[in-house]
Each structure stands twice: as structure tokens, then as C-alpha cells.
Amino acid sequence: MTRSVSSTDDIRARAEAALAHCGVALSTFKGDALTARTPITGEDLFGLRADTPAGVDRAVETAQAAFHAWRTTPAPVRGALVKRLGELLTEHKQSLADLVTVEAGKIRSEALGEVQEMIDICDFAVGLSRQLYGRTMPSERPGHRLMETWHPLGVVGVISAFNFPVAVWAWNTAVALVCGDTVVWKPSELTPLTALACTALLDRAIAETGAPANLNQVVLGAAEAGTRLVDSPLVPLISATGSTRMGRAVGPRVAARFGRSILELGGNNAAVVTASADLDLTLNAAVFAAAGTAGQRCTTLRRLIVHEDVADTLVERLCAAYARLPVGDPFQDTTLVGPLVNEAARARMRSSLDRAAEEGGTLCTGGERELVEAAPKAGYVRPAIVRMPAQTAVVREETFAPILYVLTYSDLDEAIRLHNDVPQGLSSGIFTSDQSEAERFLAADGADCGIVNVNIGTSGAEIGGAFGGEKETGGGRESGSDAWRAYMRRATNTVNYSGQVALAQGVDFSQ
């Protein structure tokens with residue numbers, strides 16, 4: 001079926017209007033080193049300048065200078081800045097969502113949802129600004145108080161990926177700012193426009209609240225700019241989101257200079273469907289988790305491990321639902337699946353489907369390229385479902401595309417073994433009406449992921465909980481719970497008010 005999309009000229013005009021509404025003077029960023037493009041048509045939009053290594057260094061030094069003033073600002077006052085940022089994000093929600101759709105290809109509801117995540121994390125961080133608690137512990141020495149305090153860490157380097165071009169920056173930045181840190185942001189080279197818009201809004205919030213200037217710096221460029229940021233000794237924390245391959249490069253470089261890293265890397269997420277599962281609930285959750293964002297979420301459902309008694313029925317229903325999914329222009333309200341980010345992503349999907357067939361898989365539905373009028377360079381594809389006889393090599397890899405592999409099992413222990421037998425460990429789920437099955441999946445010897453759900457898909461995490469995963473997912477945690485501790489340094493303090501020197505463990509130096 002051939003569909004049509006907005007013209008590149010219309011998309012360019014829409015992007016310009018959204019940028020202007022957010023306060024971006026696009027002319028100041030024009031250049032020929034970097035290209036802003038749209039996956040909606042696969043065409044270029046603007047030429048942009050890129051930061052040189054010296055430019056990255058200047059950004060870090062500028063943020064470092066701002067940190068010296070910001071770290072002594074009371075935390076609730078820092079929270080007032082983030083509160084204003086949240087208000088500005090709310091006022092500019094439509095424009096920011098336009099830019100997310102233009103650059104990442106997300107459908108309208110998902111783009112608006114991503115901006116809402118930014119607003120929500122600002123609300124969370126404002127409350128956090130009054131809750132940066134330390135502990136008081138009992139001292140073994142009389143007349144002494146033992147406690148811990150938390151202090152701002154320094155410049156936080158944020159490296160974000162194309163698939164969540166604004167939310168991940170906000171997760172890090174809102175928390176880092178209330179913790180007293182400053183930020184240098186290196187966005188994906190595929191989504192520079194959203195970064196310029198967010199930076200302009202934060203700069204406005206800084207000016208309106210009287211906060212120190214230059215708390216947030218953005219550097220544009222390809223991998224070289226990120227490497228320069230990673231290697232800077234003035235950046236004590238790097239928070240990097242991307243592939244496991246990227247994490248293998250970033251992690252050792254940061255560790256070599258004794259820096260800290262928060263790594264949010266690949267996911268090969270699975271859901272177990274038991275014989276007792278509500279298949280209506282399972283169907284709705286699985287379709288969104290597997291096909292949402294055209295399969296380009298780190299939390300996308302990629303493996304469905306289904307009890308053999310219900311597998312045929314569920315696969316039949318999934319295939320029928322997939323056949324009805326509208327694929328096309330993400331700006332159209334009826335569209336549920338937008339484009340892959342570029343042609344390389346489509347080629348990787350095709351390669352994985354070919355490998356799955358070689359490894360004994362049966363393509364049940366999808367996988368073909370969707371014909372979109374006036375967009376021959378765009379990567380529109382129909383989401384695919386493949387039944388696999390076993391968890392083969394291709395299934396154990398993450399393909400950043402809408403491929404759902406279906407495996408079957410006969411008992412829950414087997415399902416959990418299949419679930420855990422991949423290198424990644426981000427998000428997981430089980431669909432069941434049996435409480436004991438749910439508890440087994442949540443237990444210490446159950447799912448080995450950082451996010452473990454019951455009767456909900458693998459995507460759609462809430463900002464109130466810490467986000468991140470285990471194994472090759474990197475082990476990092478962002479957003480809610482006590483993830484804020486990664487952005488601060490801990491000091492253990494002892495106060496002696498006894499008037500005497502009492503040595504620990506009864507040591508006596510008086511002789």
C-alpha cells in the first residue's frame with residue numbers, strides 16, 4: 001500500500017517555526033560540518049556547524065567555572081530553576097514534540113509523551129531539591145556524632161541517543177542541576193535541533209530565575225566530540241546512552257582517568273506469556289512494546305516467550321493486529337508506526353530477518369518495505385513477527401528495528417532460562433494470572449534485568465523509579481528513586497563534642 005508524507009519543504013518550515021518558538025536563532029548555528037535531516041522523507045533539512053575539539057574543551061571549562069558558583073547555591077533555590085524549566089517545557093510542548101517527530105520520526109502521541117517525561121522529571125527534581133538526605137549513624141565513641149553528607153560533584157557530561165532526543169537529557173539535567181552540578185550535553189548527531197531548542201529554554205529559565213549563566217552547554221558533532229567530552233579530566237561523571245558497542249568504548253576511557261560513568265546501553269527485552277495469561281491484555285501490551293517507536297526503543301519488546309498451550313492462538317492474534325498497524329507519516333494522527341531513523345537501520349533489519357530464516361525461523365508477518373510516496377530515501381517498514389525454533393545467535397543480539405521473535409516453552413523454569421540467556425539485561429515482563437508465577441519471575445533467581453514487570457510490557461518506564469539495566473546494558477541508573485546519588489559525592493563526617501580524644505576500637509596511645 002502506497003502512502004504519502006509531508007514534503008521536505010513543509011517539514012523544514014515546521015522545524016524552523018518550532019525552533020523560533022523555543023527561542024533558537026538558527027542562523028547562528030548554520031554551517032556545513034553537520035547535517036540535520038528528517039527520517040520522514042530521508043532528506044536533509046539544514047547544514048549546521050560542529051564543535052571542534054577546542055570548542056568542546058571551552059564548553060567544559062565554561063561549565064566548570066559556572067559550577068563553582070552553582071555548588072554553593074542552596075538546593076531549594078536550585079530547584080526553583082528546574083521548576084521554571086518545567087513551566088517553559090509545558091508552554092513549548094507542542095513545538096518540542098514537532099522537533100522530536102521531525103528528527104526522530106516518532107508518531108505524534110509518542111513525541112508528546114516524551115516531552116511530558118521532561119516535564120515530569122522536572123516536577124520530581126523540584127521535590128528532590130528538598131530531599132537530598134544524608135544519614136546519621138551511631139558512633140561507637142561517646143560524645144561523637146557520625147554522619148554522611150552529600151555534595152555537588154561537578155560537570156556532568158551527557159551523551160544522548162537519537163531515539164529519545166530530549167527525555168534522556170532531561171532525566172540527567174534536571175537531577176544534576178538540583179544536585180548542584182552543571183551539564184555539558186553532546187546530543188546524537190541525528191537530532192541536533194531538539195538539543196538547540198532544549199538548551200534555549202534552559203538558558204531562558206536561567207536568565208529569568210537569576211541563576212548563574214552557562215550551567216548547561218551543548219556541543220554539536222559526531223563521535224569525536226563525544227570522545228573529547230569522555231576524556232576530559234574536568235568531567236567527573238559521564239552519562240552515556242547508546243549501543244553496547246559505544247559503552248565498551250566509553251566505559252574504559254572514563255575508568256582510565258578514574259571518572260564515573262552511568263551507562264544505559266543495549267536491551268534485548270523479553271516477556272514471558274504463561275498459560276494463565278489474559279491474552280487480550282497481553283496482545284495490547286505486546287503490540288505497543290514491540291512496534292512502538294518502530295522498534296527503536298532500548299526497552300522495545302524483542303522476544304516473546306510463550307507457553308506452548310497458547311502460542312498458536314497468541315501468534316495468530318498478533319499477526320492480525322500487526323496487519324492493521326498504519327505505517328506512514330508520523331505527523332498524521334492515524335499513524336501508529338513511523339519510519340526507521342535511516343536507510344542503514346532498514347538494512348540491518350533486513351539482514352537480521354535473513355539470518356533468522358537461515359537459523360530456522362519462520363516469518364509470520366511483516367518485514368517488507370512500505371512504499372511511501374515522495375520519500376524513496378525513508379526507511380518505512382512493516383513490523384515483523386518471526387517464530388524461532390530456539391534462541392539462536394540472531395535472537396540473542398539486539399536489532400534496533402521492529403522484529404519480534406517468538407519462542408515457546410513448556411515450564412516456567414525453562415522460560416526464565418530462555419529469558420536470561422542473552423547478554424543484555426534492561427527490561428522484562430511476565431503475563432500471568434497466577435500470583436505464584438509472578439512472584440517466581442520477580443524473585444532473586446527470576447528475571448535478571450533492571451526493570452521487571454508483571455502484566456505490563458517492557459516499554460513505558462515511569463520517572464519515579466530508577467531506570468537502567470544489568471549485564472551488557474551497563475548497570476547505570478537514571479531518573480527516580482535514589483539515582484540522584486550518582487550525581488553527588490559522599491562525605492563521611494565525624495564530629496567530636498566530648499572535649500576528649502577517644503580513638504576508635506579502644507586504641508590507647510597514652511602510654
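Select Thr-8. Thr-8 sits in helix α1, residues 8-22; helices (H or I, at least four residues) and strands (E, at least two) are DSSP runs, numbered from the N terminus. This is a predicted model, in which local features need pLDDT of at least 70 and side-chain atom pairs count only at pLDDT 80 or more, while totals for chains, interfaces and linings use all residues. Residues are numbered from 1 along each chain as its sequence is written, and side-chain values use heavy atoms, with hydrogens and water left out.

Thr-8 is buried, with a relative accessible area of 15%. Buried means under 20% relative accessible area, exposed over 50%, and partly exposed in between (1.4 Å probe, protein chains only). The side chains of Thr-8 and Thr-41 are joined by a polar contact of 2.9 Å. Such a contact is a pair of N or O atoms within 3.5 Å; within protein, one must be able to donate a hydrogen and the other to accept it, and residues adjacent in sequence count only if both atoms are side-chain atoms. Not counting residues up to four places away in sequence, Thr-8 touches Thr-41, Glu-43, Asp-44 and Leu-45. Contact means heavy atoms within 4.5 Å.

Next, Ser-188. Find Ser-188 in the loop between β7 (182-186) and α7 (192-209). Ser-188 is buried, at 9% relative accessible area. A polar atom of its side chain lies 3.0 Å from the backbone nitrogen of Leu-190. Beyond four places in sequence, Ser-188 is in contact with Ser-160, Ala-161 and Phe-162. For scale, select Glu-439 too: the C-alpha atoms of Ser-188 and Glu-439 are separated by 39 Å.

Move on to Thr-335. Thr-335 lies in the loop between α11 (311-323) and α12 (343-358). Its relative accessibility is 5%, so Thr-335 counts as buried. The backbone oxygen of Asp-329 is 2.8 Å from a polar atom of the Thr-335 side chain. Leaving aside neighbours within four places in sequence, the contacts of Thr-335 include Ile-107, Pro-326 and Val-327.

Now select helix α13, residues 412-420. Its buried residues are Leu-412, Ala-415, Ile-416, Leu-418 and His-419. Look down the axis of α13: the buried residues fall within an arc of 160°, so they line one face of the helix. The arc is that of the directions from the helix axis to the C-beta atoms. Among the elements covering these residues are β11 (269-273), β12 (301-307) and α14 (435-442). At the N-terminal end, Asp-411 caps α13, with a side-chain oxygen 3.1 Å from the backbone nitrogen of Asp-413.

Last stop: the pockets. On a 1 Å grid over the protein atoms alone, where a 1.4 Å probe fits, a pocket is an open set of points with protein on both sides within 12 Å along at least five of seven lines; lining residues have an atom within 4 Å of a point. The largest pocket has a volume of about 1,300 Å³. A volume is the space filled by probe spheres set on the points, which are joined across faces, edges and corners. Select Gly-242, Ser-243, Thr-244, Arg-245 and Met-246, the closest to its centre of the 44 lining residues. Elements giving two or more residues to this lining are α8 (223-231), α9 (244-256) and α12.

The second largest pocket holds about 300 Å³ of space. Of its 18 lining residues, the closest to the centre are Phe-29, Thr-199, Asp-203, Gln-217 and Val-218. Finish on α7, which gives the most to this lining, with four residues.
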